[in-house]
Amino acid sequence: MRRIFAWLFAAGMALSLAGCASGAGGTSASAGAQTTQLFAMDTVMNLSAYGSGAKTALKNSEAEITRLEDLLSRTKSTSEVSAINRNPGRAVKVSAETAAVIQKALHYSAVTNGAFDITIAPVVSAWGFTTSKYQIPSAAELAGLMKKVDYTKVSVSGNTVTTGPGQSIDLGGIAKGYASDRIASLYKKAGVTSGMISLGGNVWVRGKKPDGSNWRVAIQDPHDADKYVGILKLSDAFAITSGGYQRYFEKNGKRYHHIMDPSTAAPAESGLISVTIVSSDNGTMCDALSTAVFVMGEKKGLALWRNSGLDFDMILVTSGGKVLITKGISSRFEKETGSAYEYEVVR
């Protein structure tokens with residue numbers, strides 16, 4: 001089951017999105033904005049831009065998303081990632097861009113001590129999240145799968161990528177973040193000074209709204225899709241969320257979500273139910289870290305924030321009913337009035 005977990009409040013500007021169809025998009029104008037919606041990278045994507053460069057930005061962004069999907073999609077048989085996965089243990093030549101994205105993923109794997117690991121692909125498939133044929137693998141199968149999960153066995157040399165025997169990779173935890181970085185570049189190149197994108201909840205906002213106020217990005221309540229835990233007031237920033245409520249199945253009264261812990265080959269149980277990473281300039285990092293921190297949990301996630309040297313902030317929602325906001329983003333976070341959550345600024 002999929003849930004859209006972060007959305008934009010335009011505060012008086014309604015976005016009229018058109019043309020939602022698999023593999024196709026549509027562009028329209030609403031309240032002075034050029035808008036488009038498409039389905040790509042296995043999610044619904046919404047884009048909006050204002051000004052004379054808006055049409056160009058949206059047209060180029062749609063083309064860019066399609067191009068990146070052709071390179072990075074695990075489920076598209078003609079993609080470069082699929083070529084890598086068809087040749088485990090062998091060197092595969094890919095484009096410089098695909099090699100660079102994989103190198104970035106390996107960097108964030110190292111920074112997070114493997115909490116983010118693109119070789120988790122066979123585990124995701126074993127649980128049925130690739131095919132939607134959900135199942136609970138046996139303990140013996142999980143033990144076997146864990147032997148295939150090890151990012152250190154993946155190497156990148158120039159344009160050549162080599163995985164370990166039996167390994168396959170999944171860039172789903174970083175590809176949309178990378179796409180948001182690329183679209184941000186296209187918006188700027190087209191001269192767009194006000195706009196937003198939401199790539200299945202991977203949000204980037206350009207400048208401020210045309211009325212001069214900040215964009216308002218709501219963080220969904222993991223327990224209720226119709227509510228939220230708070231709102232971020234942002235300009236020129238990325239906000240990317242990972243949560244166990246986005247994709248899951250239930251069996252015998254227990255919920256199994258899609259975010260896998262590489263150390264157990266099973267859905268992560270870290271005590272966190274939602275992680276939002278915020279950065280002014282790095283969507284790729286936000287995407288990878290939102291997954292990693294979800295796996296790591298509160299204590300290790302905060303240690304990463306304090307000690308890694310990476311420039312980001314976080315909103316963590318715990319299973320115990322707390323919302324933790326790191327100090328760098330606290331002045332731009334507005335908690336939900338009447339919420340049952342306990343809010344805390346972390347320093």
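Is W127 buried or exposed? I started my notebook with that one, keeping in mind that this is a predicted model.

**Entry 1**

I looked up W127 and got 3% relative accessibility; the cut-off for buried is under 20%, so W127 counts as buried. Next I checked F249, which comes out at 7% relative accessibility and therefore counts as buried too.

I then counted ring pairs and got nine aromatic pairs. W127 and F249 make one of them, with 6.5 Å from centre to centre and 45 degrees between the planes, so I wrote it down as tilted. What I liked is that this pair links distant parts of the chain, 122 residues apart. W127 sits in the loop between α4 (121-126) and α5 (139-146), while F249 belongs to strand β13 (residues 248-251).

**Entry 2: a charge over a ring**

I also looked at R255. Its charged end sits over the ring of Y248, 3.8 Å from the ring centre.

**Entry 3: the second largest pocket**

R255 turned up again here. I noted a volume of about 310 Å³ for the second largest pocket. Of its 19 lining residues, G244, R255, H257, A268 and I273 are the closest to the centre. Which elements give two or more residues to the lining? I found β14 (254-257), β16 (266-267) and β17 (272-279). β14 gives the most, with four residues.

Last, I sorted the lining by class: 10 nonpolar, six polar and three charged residues.

Methods
Residues numbered from 1 in each chain as written. Predicted model: local features only at pLDDT ≥ 70, side-chain atom pairs only at ≥ 80, totals over all residues. Heavy atoms only, no water. 1 Å grid on protein atoms, 1.4 Å probe; cavity = no way out; pocket = protein on both sides within 12 Å on 5 of 7 lines; lining within 4 Å. Points joined across faces, edges and corners; volume = space filled by probe spheres on them. Nonpolar A, V, L, I, M, F, W, Y, C, P; charged D, E, K, R; others polar. Phe/Tyr/Trp six-rings, centres within 6.5 Å; stacked < 30°, edge-to-face > 60°. Buried < 20%, exposed > 50% of the residue type's maximum accessible area, 1.4 Å probe, protein only. Lys NZ or Arg CZ within 6 Å of the ring centre and 35° of its normal.
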